[in-house]
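Have a go at each task before you read its solution.

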Amino acid sequence: MTERTWAHLDPRTKLTRKQVAELFLAQQGKCPLCGQKLQTKGHEPVEFNDEHMLPRWAGGSESLGNRALVCRPCAKKK
């Protein structure tokens, strides 16, 4: 049986408001996984998570190009 080794990842970098706005515009206000509008659903805002598209444990970076605003139901599936 092979022994697992765990790599320590640097702490996740929190997005600034400007970066969130950039991602929102780049995604045309939609979840990239399901297409749900992130603006409002009825009269309530749709909650979303900042997600790494290629996970950090798999070599994904902290860059904005590897991040997306994903609606909570899709984020839970990940």
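**Exercise 1.** Find how the side chains of R72 and E47 meet, and work out which parts of the chain the pair ties together.

*Solution.* Step one: the R72 and E47 side chains form a salt bridge, 2.4 Å from N to O; the term asks for a side-chain nitrogen of Lys or Arg within 4 Å of a carboxyl oxygen of Asp or Glu. Step two: R72 sits in helix α2 and E47 in the loop between β2 (44-45) and β3 (48-52), so the bridge ties together parts 25 residues apart in sequence. Helices (H or I, at least four residues) and strands (E, at least two) are DSSP runs, numbered from the N terminus. Step three: R72 is partly exposed at 34% relative accessibility, and E47 is partly exposed too, at 48%. Buried here means under 20% relative accessible area, exposed over 50%, and partly exposed in between (1.4 Å probe, protein chains only).

Before going on, a word on the ground rules: this is a predicted model, where local features need pLDDT of at least 70, side-chain atom pairs count only at pLDDT 80 or more, and totals for chains, interfaces and linings use all residues. Residues are numbered from 1 along each chain as its sequence is written, and side-chain values use heavy atoms, with hydrogens and water left out.

**Exercise 2.** Trace the network of salt bridges that includes R67.

*Solution.* Start with R67 and D50, whose side chains meet at 2.5 Å, N to O. This pair links distant parts of the chain, with R67 in strand β4 and D50 in strand β3, 17 residues apart. R67 is buried at 4%, and D50 is buried at 18%. Next, R56 bridges to E62 at 3.2 Å, N to O; R56 is buried at 19%, while E62 is partly exposed at 26%. Put together, D50, R56, E62 and R67 are linked in a network. The chain's salt bridge count comes to 4.

**Exercise 3.** Which elements give two or more residues to the largest nonpolar core?

*Solution.* First, list the core: 11 residues, namely L15, L23, C31, L38, V46, A68, L69, V70, C71, C74 and A75. Such a core is a set of buried Ala, Val, Leu, Ile, Met, Phe, Trp, Tyr and Cys residues joined through side-chain atoms within 4.5 Å. Then sort by element: β4 (67-71) and α2 (72-77) each give two or more, and β4 gives the most, with 4 residues. Finally, zoom out: the chain runs α-β-β-β-β-α, and 26% of its 78 residues count as buried.
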